[in-house]
Amino acid sequence: MAVVAHAAPFARAERFEASPAASDPPIVKWTIIGISLVFFATFLLLPLLAVFAEAFRKGWQAYIHAVVEPDTLASIRLTLLAAAVAVPLNVIFGIAAAWTISKHDFRGKQFLITLIDLPFSVSPVIAGLIYILVFGAQGWLGPWLAAHDIKIVFAVPGILLATIFVTVPFVARELIPLMQSQGRDEEEAALVLGASGWQTFTHVTLPNIKWGLLYGVILCNARAMGEFGAVSVVSGHIRGSTNTMPLQVEILYNEYNFAAAFAVASLLALLAIVTLVLKTFVEWRAGIQTHEPEAP
Amino acid sequence: MTAKVRRVLPGFGLSMGITISYLSLIVLIPLSAVFIKSATLGWTDFWHVATTPRVVASYRLSFGASLIAAAINVVFGLLLAWSLVRYNFPGRRVVDALVDLPFALPTAVAGIALTAIYAPNGWLGAFLAKFGIKVAFTPLGVLIALIFIGVPFVVRTVQPVLEDLDIEFEEAAASLGASRLQTIIKVVLPALAPALLTGFALAFARAVGEYGSVIFIAGNLPMISEITPLIIITKLEQYDYPGATAVAAVMLAVSFVLLLLINALQAWTARSSARLR
């Protein structure tokens, strides 16, 4: 369940600190900041630093060696594949869902929005379990799949399905509020002026939502590459074949190969940092855009 | 007068079709399997499987630790959000960006990192060991992991409300003779209450189902530090599909109730912050 939260402009604190009624004495201010920063450092900063410290404990050579190991490279390829499948599908779904919800009126709209959010409130373990219940040997389609020699769970398709499930809401929940707030006037004007539906979408809607779309894609991609619980259930843990990077981290860790586990983990931590930098950049760009004076 | 719905914009059929088919195939039909499979168990078997002592102990840990973690996050999340919105301090932008780390960092990575920190020879574990406090491989470790993943939920729900809270409310309270503490308790905190409660519920809901960041640090001792999602995995690995499904059905039911509650809370937050603007 991600919170739709876009960092606010940074010029606000001065406004509060300038007002005698809303500013706190320095001792209160620095105590609160102090407690906040200790909490922040203990729970957020320290784990991030620990990943890199542990990864390089045995030096660069061991690090490189752990990363270029064939099973690890195979896990990197599978992780990239999972993201390459899940992200575009969820972009198409997200745009379709947001277009339906924001540009049309129908009954049960709020219910549909709740359904789209559903995967966020389901435990990742259950997200994996449901595909075993459908496609597993004892599942609904199990006998039919076995008869046709198709393998879905404990194979790559299961991993792709589980990844898609946990990332369903990311793009849609960014676009729905954005497109709702933008209204329908611009699209209606384009249609009146003779644009086709598709032209209206590509020339009017898409430029309006590009930052929101990018924001959703960044978050969707991070989750797709980092998902652990759901893919763990459906993967079957076959080395070099059905292991994604997070699963490879687990296997190496459980083999007490800590340096290698943290080396692979550090690549994922790097992905997290890149995600946060891109996210902050998009928030900044989108923030700039909303502050531009509107055309009369 | 009846407002006739006029569909001016095209693509309703196509976009609605894609939305409904995709949701049904990926989410709704597979999820329904949990309830349909549990129904085949029969009520007595279901109740028996879902309430064995080991499973009940896992509910107690999962829900108990999630409640405590969410409560701790409300306190520190509020302080962190307050610092980010109200004060200028060096490094504020970096702190603000890193608050979302638990969303971006894969849970397995968080799990092994927290274990490394809190293990008896870890950075904080060694320090705490001097006082006889053991964190890793105990229920306390579960709590630490659940605090980690819950941080952004509280901060990111409180932050926008705090930013929108008009400064005039505090100025009015001060000009009417309220002390700063009275203003905070009687004016600011009530305005933040819906957001704090929403953040609490979101952090709690996420923590209940959390798996990746917990299993490495928990130690996973049956009856002591075994969370409910792990019970499901263990049952699956023993090919006890009905058992896994029954426990999953209990968790799903709780998740649905929480989802409805969160929706109501978010609506309340939106209404009350609109009133205060």
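Visitor: How many helices and how many strands are there in chain A?

Guide: Chain A has 14 helices and zero strands, where a helix is a DSSP run of H or I with at least four residues and a strand a run of E with at least two, numbered from the N terminus. Read along the sequence, its pattern is α-α-α-α-α-α-α-α-α-α-α-α-α-α. This is a predicted model, in which local features need pLDDT of at least 70 and side-chain atom pairs count only at pLDDT 80 or more, while totals for chains, interfaces and linings use all residues. Residues are numbered from 1 along each chain as its sequence is written, and chains are lettered from A and ligands numbered from 1 in the order in which they are written.

Visitor: And which elements does chain B have?

Guide: In chain B there are 13 helices and zero strands. The C-alpha trace of chain B spans about 75 × 65 × 35 Å along its principal axes, and that of chain A spans about 60 × 60 × 30 Å.

Visitor: Why is A:Gly287 called partly exposed?

Guide: A residue is buried if 20 or more other C-beta atoms, placed from the backbone, lie within 10 Å of its own, exposed if 12 or fewer do, and partly exposed in between. A:Gly287 has 15 C-beta neighbours inside 10 Å, and therefore counts as partly exposed.

Visitor: How do you know whether the length of helix 2 of chain A agrees with its number of residues?

Guide: The expected span is 1.5 Å times one less than the number of residues. Helix 2 (residues 26-55) of chain A has 30 residues and should therefore span 44 Å, and its end C-alpha atoms are 40 Å apart, which agrees.

Visitor: What is the angle between helix 2 of chain A and helix 6 of chain B called, and why?

Guide: These helices pack at an angle of about 85°, with their axes 8 Å apart; axes are lines fitted to C-alpha atoms, for helices over the stretch in contact, and angles run from 0 to 180 degrees between N-to-C directions. That makes helix 2 of chain A roughly perpendicular to helix 6 of chain B, because angles of 65 to 115 degrees receive that name, whereas those under 35 count as roughly parallel, those over 145 as roughly antiparallel and the rest as oblique.

Visitor: Which residues meet where helix 2 of chain A touches helix 6 of chain B?

Guide: Among them are A:Leu46, A:Pro47 and A:Glu54 from helix 2 of chain A, and B:Val109, B:Leu114 and B:Ile117 from helix 6 of chain B; contact requires C-beta atoms, placed from the backbone, within 7 Å. The residues of this contact divide into 10 nonpolar, no polar and one charged, with Ala, Val, Leu, Ile, Met, Phe, Trp, Tyr, Cys and Pro counted as nonpolar, Asp, Glu, Lys and Arg as charged, and the others, Gly among them, as polar.

Visitor: How many residues do the two chains bring into contact?

Guide: In chain B 87 residues are in contact with 88 residues of chain A. Helix 1 (residues 12-39) of chain B gives the largest share of the chain B side, 14 residues, and that side divides into 62 nonpolar, 13 polar and 12 charged residues.

Visitor: What is phi of A:Asp149 near?

Guide: Phi of A:Asp149 is near 60°, a positive value in a residue other than glycine. Most residues other than glycine have a negative phi. A:Asp149 lies in the loop between helix 7 (142-147) and helix 8 (156-167) of chain A, and with 6 C-beta neighbours inside 10 Å, A:Asp149 counts as exposed.

Visitor: Where does B:Tyr239 lie, and is B:Tyr239 buried or exposed?

Guide: B:Tyr239 is in the loop between helix 12 (228-237) and helix 13 (241-275) of chain B, and its phi, too, is positive, near 60°. With 11 other C-beta atoms within 10 Å, B:Tyr239 is exposed.
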